[in-house]
Amino acid sequence: MQKKIIFSGMQATGNLHIGNWLGAARNWARLCAEYTCLYCVVDLHSLTVRQDPATLRENARSVLAWYIALGLDPKENTLYFQSHVSAHAELSWILSCYTYMGELNRMTQFKDKSAKNEANINAGLFTYPVLMAADILLFQTDLVPVGDDQRQHLELARDVAQRFNQVYGEIFVVPEGYIPPVGARIMALQSPGKKMSKSDENLYNCIFLSDSPDVIIKKFKRAVTDSDNEIRFSEDKPGISNLLTVYSCVTGRSIDQSVADFAQSGYGDFKLKVGEAVVEALLPYRREYDRLIADTAYLDGVIAEAAGKARHLAAPTMARVRTAVGLP
Ligand code: AQP
């Protein structure tokens with residue numbers, strides 16, 4: 001039997017952080033044995049926010065190297081740059097003609113990012129979810145493992161696929177999401193009311209995968225908690241609950257076990273131990289990343305081969321879509 005298909009991606013808008021890892025990439029590595037997987041660096045999406053060209057190129061390579069370092073074997077998985085497969089943009093245009101303004105107006109990420117980028121509320125920011133739908137539908141994707149913030153975009157991709165299928169017959173597989181039960185929304189360390197984000201201006205909000213052990217510990221020590229010195233998982237304790245979630249993800253202890261581990265601890269000791277657990281969990285991945293990012297020839301080879309493979313895999317869907325809508 002043919003394996004089912006997974007597609008997911010990350011933007012090259014900055015350095016990856018532990019939210020990107022625990023909410024998404026960690027599950028990609030777990031699922032890849034059972035599925036045919038395409039993991040894309042969504043560099044076209046990154047253009048919705050103004051990027052310095054050299055930095056974008058560097059970040060895109062860095063994200064791809066992290067994919068491999070975090071356990072995705074490029075021989076088994078197609079790890080590629082979105083901009084190397086022009087079918088993403090072509091399908092996005094076609095699907096934009098099947099997506100309603102009202103649907104895009106409801107997207108909370110558009111509202112959040114518009115508020116953050118008042119000087120550059122561009123059309124790409126608005127139509128971002130259409131490109132994401134195209135990314136997914138292009139490969140007849142069955143499963144999309146993402147963090148919780150992508151739930152609404154994923155729902156839109158499903159709606160657009162269903163609408164298109166209603167008009168033209170079964171052209172697209174309607175994808176399911178995979179959102180992990182723990183770690184789907186890692187929160188900012190200094191402002192646990194909002195999610196950890198690559199482009200956050202406050203660097204203390206974010207643990208980057210490339211942060212040194214000293215920096216990681218320093219950031220955890222500074223993490224915002226609360227005043228009652230009680231370590232429990234609860235909605236009214238967003239800072240503590242976030243740290244417990246991170247600890248649970250990196251150690252494999254359940255949330256209840258994690259709470260029990262710190263039954264005798266104060267906040268200072270707790271934050272230090274969470275930091276140390278993250279440093280330890282990241283160490284082998286960081287070593288592998290450092291080795292990979294220095295191996296230019298190897299990465300170039302992976303990038304070139306995967307682009308060809310992804311183009312080949314996208315071609316049948318594009319041909320069906322073109323025929324369906326009546327393009328000559
Ligand atoms: N804080 C998070 N917790 C859990 N998962 C997260 N993801 C992002 N942030 C968290 C998941 O990581 C994958 C890649 O995300 P993305 O690169 O597409 O962009 P994003 O969701 O907009 O992430 P960032 O880090 O916040 O980037 P910027 O600052 O550029 O907007 C997705 O599966 C996402 O759910």
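This note covers the ligand site and the salt bridges of a predicted model.

1. Basis. In this predicted model, local features need pLDDT of at least 70 and side-chain atom pairs count only at pLDDT 80 or more, while totals for chains, interfaces and linings use all residues. Residues are numbered from 1 along each chain as its sequence is written, and side-chain values use heavy atoms, without hydrogens and water.

2. Shell. The ligand is surrounded by 24 residues (near means a heavy atom within 4 Å). Lys113, Asp149, Ser197, Lys198 and Ser199 are the closest. By class, the shell holds six nonpolar, 13 polar and five charged residues; Gly counts as polar, and Asp, Glu, Lys and Arg as charged.

3. Polar contacts (N or O atoms within 3.5 Å). A polar side-chain atom of Ser199 is 2.4 Å from a ligand oxygen. For the side chain of His17, the distance from an N or O atom to a ligand oxygen is 2.7 Å. For that of Gln150, it is 3.2 Å.

4. Burial. Alone, the ligand exposes 640 Å², and the protein buries 98% of that (Shrake-Rupley method, 1.4 Å probe).

5. Elements (DSSP runs: helices of at least four residues, strands of at least two). Strand E1 (4-10), helix H1 (18-31) and helix H6 (108-116) each give two or more residues to the shell. H1 gives the most, with four.

6. Salt bridges. The whole structure has 18 (a side-chain nitrogen of Lys or Arg within 4 Å of a carboxyl oxygen of Asp or Glu). One pairs Asp148 with Arg185, closest N and O atoms 2.9 Å apart. Asp148 lies in the loop between E4 (143-145) and H8 (151-168), and Arg185 in the loop between E5 (176-178) and H9 (213-221), so the pair ties together parts 37 residues apart in sequence.

How values were computed. Polar contact = N/O pair within 3.5 Å; in protein donor to acceptor, adjacent residues only side chain to side chain.
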